Every structure is written in structure tokens, then in C-alpha cells.
Number of protein chains: 2
Amino acid sequence: MYILFEGIDGCGKTTQIELLKEQFKDIVVTKEPGGTPFGVKARELLLHTKITSSRAELLLFLADRAEHYSEVIAPNSDKLIVSDRGFLSGVAYALEAGFDLDFLIELNRFALMECLPQKIVLFSIDRETLKQRVGSREQDKIEQRGFEYLLKIQESMQRVVEYMGLDYMLIDATEPIDTIHTKIIEYINN
Amino acid sequence: MYILFEGIDGCGKTTQIELLKEQFKDIVVTKEPGGTPFGVKARELLLHTKITSSRAELLLFLADRAEHYSEVIAPNSDKLIVSDRGFLSGVAYALEAGFDLDFLIELNRFALMECLPQKIVLFSIDRETLKQRVGSREQDKIEQRGFEYLLKIQESMQRVVEYMGLDYMLIDATEPIDTIHTKIIEYINN
């Protein structure tokens, strides 16, 4: 089963993935971009090379997603796979960049060979909690893009899963870590 | 004006592009993949990194195409731009890999922001001439993929321009260099 964890920085998804690792022995934990040799290079390229075209950037993320699917998701489909980010944040960021939702969905279905995640754990955080959680150094980085921008991405992600009719659980990130962990376990087992 | 030169290895398109450089002072000569800083890195990635997914490879070529359009084609649209390879060979190779033609066209239109080349110079070469022209060392490289494969790509390219109804000139690569050069000049000027 392929489960996608999505949420903006500071929402606590990495903590929850770490807790899941202790719970499930056979779990495959992965992430986008960067879960394959190609992904590592693509990530470097995205960080260090001048890319003018937002279409080029989008297509590079999709290339990484296709390789990640083929190398990590497909071969482990009999196991519990948890991915830290994936197509959903990809679509949300691309929507904010002005691309068409239906075309974005088509592109992502192509990259994933129609195999969308069976379940999605989507974290939701409010502005105040987000500000409190993000340390001052991190905050500088985020402030450049703006908290409002991140919250828009968060909103977009929920809009997209609703639009696509995907199975997802919304997590209130202000709840205690243990409570969230229990909810996730229940969601996975049902 | 954006002119695309397409043809398999050994067809003589590089020679003809060199001759055009002498003819037109303001010409912008470029190539795919590799005509931008991103393209150089993408090319390295394609050559030296393990890529399992043919979709990932296709999307990476498309990312390069999008960046090439945005960095080289769009800013020079008032000049004569000649590109050594482009979307057409991209589509032909992807067709051989089993992808759907209409979807490939849609993807390429997206990468090129709907700005397809205004003219296409398409070289055609027969099996015997191809074998004669390609040196023995090169021949080893080509033999691995097979001459038949290259000739299939050549056929596909013509099928695609016909299907898309694009303006193109077919060049018989066995004609003398000067004759071909004259034909190309005429095609460009008309």
C-alpha cells in the first residue's frame, strides 16, 4: 500500500513518519524529490542550476516522480510504502505557478503510470502554530516566500484531493503527537 | 524564424548548419539537448545516471526542451534560429518507446508554449549511404542500436510532420552538399 504524507514545513509529518518506522517493521520510507540516484541529481539540479522556465522545473519534478515510481513504488507495492511528499504538493505548487489543474493531473497520472497513492495523510496547520514552530533561522527562509504562500499551498492540496476524490485523512497539526500517531495507525489499518 | 534541422546521424545536417552560419550573419545556432546551462546538466544526467523509467527520460528531455525554448528560442524570435534537433526527433524516439502520438504532441506543445518551429529541414538517407558514411568506430556504436532502428526513427519523423501538418522540406541526403545548401537557402528565403 502506497501512502502519501503531505503537509507544509513545520506541520510535523516527518515526526509522524519516524514514529511509523518504529511501528511497522517492513515499512518502506521514501521521499520526493530525491529517493533514487536520478532523484538525487535532479534535486541538485533544482537547487544549484539556473532554471528560467517554470515548465522546465515542473517537467523535471515529474521526471523525478516517474523514476521514483518505477524504482521505489512499483517494486515495493506489496509492502507498506510511506512517501514524504509526492504528486499532491507537486500539483499544489504548480497550481500556484499558474498551470491548469486538469492538465497537471493528467501529467501526474502519466508520471505515476496511473498508480496514485491509495491513502493520503494530509496535515493542516494554522498560521500562528506554524510561526511558533518554525525556528528563527528557518523563519527567515520561509518569510522570503511568505507564510501566506505556504498556507495557500496547504489549501490547494486539500482542494486537489477533494477534486480528485482521493482517499485522505486530514490531520489537525495542533493535536498532540501521540493522538495524531494513533489516528494515522487507525487510518492505515482500516 | 525558428527552423528545426532533423535527421539521423550521418545525414549531413551538421555540415549544412555550418554552411548556413557563413551565409547568415545574425543566425542563432543551437541544439537539443544542451543549449542552456540546465540542458548541459540534463545531458550529463541522461548520459551518466541510471534512469530506469522511460517516462522519466521523456520528461527530462521535455524539461530541457522547455528551458531551451524559454532561454534560446523565445528571446531570439526576431532572428533566424537554427536548432540541431528538437521536438521532432524527441517525438520519434518516444514513439519507438511505445508512447501515444497525440499525448506526445500535447506534451511537446506544452514544453514549447505552443511555438512549434515555423520550418523544418528533414534529412532522409538510405541504408547503404548511411553505412558508407558512418566510420567504423561510429558504426560499432550505431550497430548496437541497429541501423534499422535509426531508419525507423527517420520514417517516424516524416510521419509525424505529415500528421501534424507542419511546413517541412525533405532533403535527399545523397545529393551533393552544394545542391542541398542551395535548396535550404531557397526554403528559408521563401
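Strand E1 (residues 2-6) and strand E4 (residues 119-124) of chain B pair in the parallel sense over four bridges, where strands are DSSP runs of E of at least two residues, helices are runs of H or I of at least four residues, and both are numbered from the N terminus. Two strands are taken to pair if DSSP finds at least two bridges between them. The model is predicted: local features need pLDDT of at least 70, side-chain atom pairs count only at pLDDT 80 or more, and totals for chains, interfaces and linings use all residues. Residues are numbered from 1 along each chain as its sequence is written, and chains are lettered from A and ligands numbered from 1 in the order in which they are written.

Strands of a sheet pair through backbone hydrogen bonds, either parallel or antiparallel.

These strands belong to an open sheet of five strands in chain B, with the order E2-E3-E1-E4-E5 and parallel pairing. Strand E2 (28-31) and strand E5 (168-172) of chain B are the edge strands, each pairing on one side only. From one strand to the next, the twist averages 20°.

Five of the five residues of E1(B) are buried, so this strand is largely enclosed by the rest of the structure. A residue is buried if 20 or more other C-beta atoms, placed from the backbone, lie within 10 Å of its own, exposed if 12 or fewer do, and partly exposed in between. B:Tyr2, B:Leu4 and B:Glu6 point one way from E1(B), while B:Ile3 and B:Phe5 point the other way. In a regular strand the side chains alternate between the two faces of the sheet.

Helix H1 (residues 13-23) of chain B lies across E1, E2, strand E3 (81-84) and E4 of chain B, and runs at about 160° to E3(B). Helix H8 (residues 147-164) of chain B packs on the sheet and touches E1, E4 and E5 of chain B, its direction making about 150° with that of E4(B). Angles run from 0 to 180 degrees between N-to-C directions, with axes fitted to C-alpha atoms, for helices over the stretch in contact; two residues are in contact if their C-beta atoms, placed from the backbone, lie within 7 Å.

Chain A has nine helices and five strands.
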